Amino acid sequence: MMSALLALASAPAFAEPRNHVAPDDHMPERVREAVRHAWQGYKQHAWGHDDLNPLSRTPHDWYAGQSLLMTPVDSYDTLVLLGLTAEAAEAKQLILDRLSFDRDVSAQVFEVTIRLLGGLLSAYQLDQDPRWLTLATDLGTRLLPAFNSPTGMPYRFVNLRTGAVKDSVSNPAEIGTLLLEFGTLAKLTQRPEFYDTAKRAVTELYKRRSPLGLVGSAINVRSGAWVDSTSHVGAGIDSYYEYLFKSARLFQDLDLGLMWRESTGPMNRHLADERFEGLWYGQVNMFTGERVGTQFGALEAFLPAVLALSGDTKRAGRLMDSVARMWTTFGIEPEVLDYSDMRMDYPGYELRPESMESAYYLYRLTGDKRYQQMGREMFEAIEKWTKYETGYAALKSVRTKEKRDRMHSFLIAETFKYAYLLFAPSETINLTNVVFNTEAHPLRKTW
Ligand code: DMJ
């Protein structure tokens with residue numbers, strides 16, 4: 001496993017895409033066309049706003065009337081990676097003309113960090129335009145007051161103008177998914193307080209793991225007491241595990257490496273659920289290890305990617321078979337499934353990337369074309385069921401395939417980026433040079 005934590009060289013993140021597209025495979029061009037279509041919809045109906053509502057052809061802003069340009073910032077590096085030069089240029093112009101963080105909005109620290117801070121940092125590493133880093137530094141500075149809690153774990157929301165905080169009940173994902181971005185910002189600006197603050201937050205969380213080595217679903221950042229002791233790898237916990245491993249790798253941080261190793265054993269021991277039909281990960285009580293749920297869904301599907309990246313391709317492959325089963329059973333994956341009877345607990349599909357992401361890592365790390373085939377089927381399902389004349393729409397139900405009026409920014413940032421990379425030549429992204437943040441923004445060790 002330690003070899004997976006090897007230093008990252010400072011080679012370019014992206015190779016020139018057009019020179020490398022295999023002539024016998026049309027998938028990269030099809031994904032490029034899908035991104036063009038989604039971007040066109042955003043441009044026509046939501047320009048300057050956060051997201052597109054494709055069915056009503058209206059814009060959506062996360063914070064009423066105060067766009068933070070989520071879709072353009074989230075999309076920029078995908079547009080560059082796919083060689084969509086004109087689209088990338090117009091996204092950049094829009095961002096540099098209009099993006100300002102001097103806003104009286106109470107922003108969600110986790111979401112703004114992974115989408116905006118991550119997007120701005122990767123943009124800066126791509127073209128070295130210092131204006132990206134100026135924006136990133138401004139945002140990072142405005143987010144810092146969120147960490148002013150008695151434990152050092154951040155409040156969930158911080159006002160970008162006043163620094164006022166709110167919501168002291170948070171979760172491992174929102175507390176522990178900040179170090180890749182704050183750490184990179186620290187290295188690029190030589191301001192260690194960004195690194196130290198985000199590292200302290202995740203360390204304080206880790207210190208509160210149960211004697212079994214597990215974390216729960218909700219914790220009070222003021223008192224440090226657990227509010228919900230349900231442990232799992234899904235929403236609210238997922239990327240905590242991802243960032244333990246990836247932060248150790250990107251920053252060569254031995255503390256994080258130890259935290260990952262001490263966490264991954266308990267995760268595999270207590271949360272994994274070996275069934276006759278295959279491997280799943282469900283819910284247990286973090287203190288007793290008692291199984292309290294058998295739910296798995298679109299978000300949990302990130303785990304094969306992290307397991308594979310950390311060197312456990314065998315376990316990752318077994319879990320990926322379950323992920324594929326979740327897709328093929330319904331034609332497209334549901335948000336939440338009860339794997340004990342394959343009943344859907346929440347039948348929506350939010351255009352999520354995690355399954356495609358795992359297919360990408362497994363293909364790249366094993367060379368097994370089965371994973372490309374899985375990704376191809378996922379892409380075909382997305383094209384078939386979610387494409388609309390104005391872009392792509394989430395689904396209310398994978399049973400009825402009825403559409404929902406939202407195109408999340410992670411569709412271009414992540415789902416289509418991983419779909420493209422699954423079929424683009426391997427040298428397009430060198431996984432030994434690049435660590436993707438949880439929103440698929442590539443970060444490189446240049447320090
Ligand atoms: C994205 O914002 C990130 O991948 C996050 O880690 C989880 N949720 C969405 C995608 O599903």
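Q: Which residue is the bridge partner of Arg 275 in β11?
A: Strands first: helices (H or I, at least four residues) and strands (E, at least two) are DSSP runs, numbered from the N terminus. Two strands pair if DSSP finds at least two bridges between them. Here, Arg 275 has Gly 278 as its bridge partner in β11. This is a predicted model, where local features need pLDDT of at least 70, side-chain atom pairs count only at pLDDT 80 or more, and totals for chains, interfaces and linings use all residues. Residues are numbered from 1 along each chain as its sequence is written, and side-chain values use heavy atoms, with hydrogens and water left out.

Q: How many bridges join β10 to β11?
A: Strand β10 (residues 272-275) is joined to strand β11 (residues 278-281) by 4 bridges, and the two run antiparallel. They form a hairpin with 2 residues between them.

Q: Is Leu 279 buried or exposed?
A: Buried means under 20% relative accessible area, exposed over 50%, partly exposed in between (1.4 Å probe, protein chains only). In a regular strand the side chains alternate between the two faces of the sheet. Leu 279 lies in strand β11. Its relative accessible area is 0%, so Leu 279 is buried.

Q: Which residues is Leu 279 in contact with, leaving aside neighbours within four places in sequence?
A: Contact means heavy atoms within 4.5 Å. Leu 279 is in contact with Ala 272, Asp 273 and Glu 274, and also with Arg 315, Arg 318, Leu 319 and Ser 322, once neighbours within four places in sequence are set aside. Take Val 323 as well: it is 44 residues from Leu 279 in sequence, and the C-alpha to C-alpha distance is 9.6 Å.

Q: In what order do the strands of the open sheet with β9 run?
A: The order is β9-β12-β13, 3 strands with antiparallel pairing. The edge strands, β9 (230-231) and β13 (291-293), each pair on one side only. Between β9 and strand β12 (residues 283-285) there are 2 bridges. Thr 230 stands opposite Asn 285 in β12.

Q: How many helices and strands are in the protein chain?
A: The chain has 15 helices and 20 strands. Its radius of gyration is 20 Å, close to the 22 Å that the globule rule gives for 447 residues, so the chain is as compact as a globular protein of that length. That radius is taken over C-alpha atoms, and the rule is 2.2 Å times the number of residues to the power 0.38.

Q: What share of the 447 residues is buried?
A: Buried residues make up 64% of the chain.
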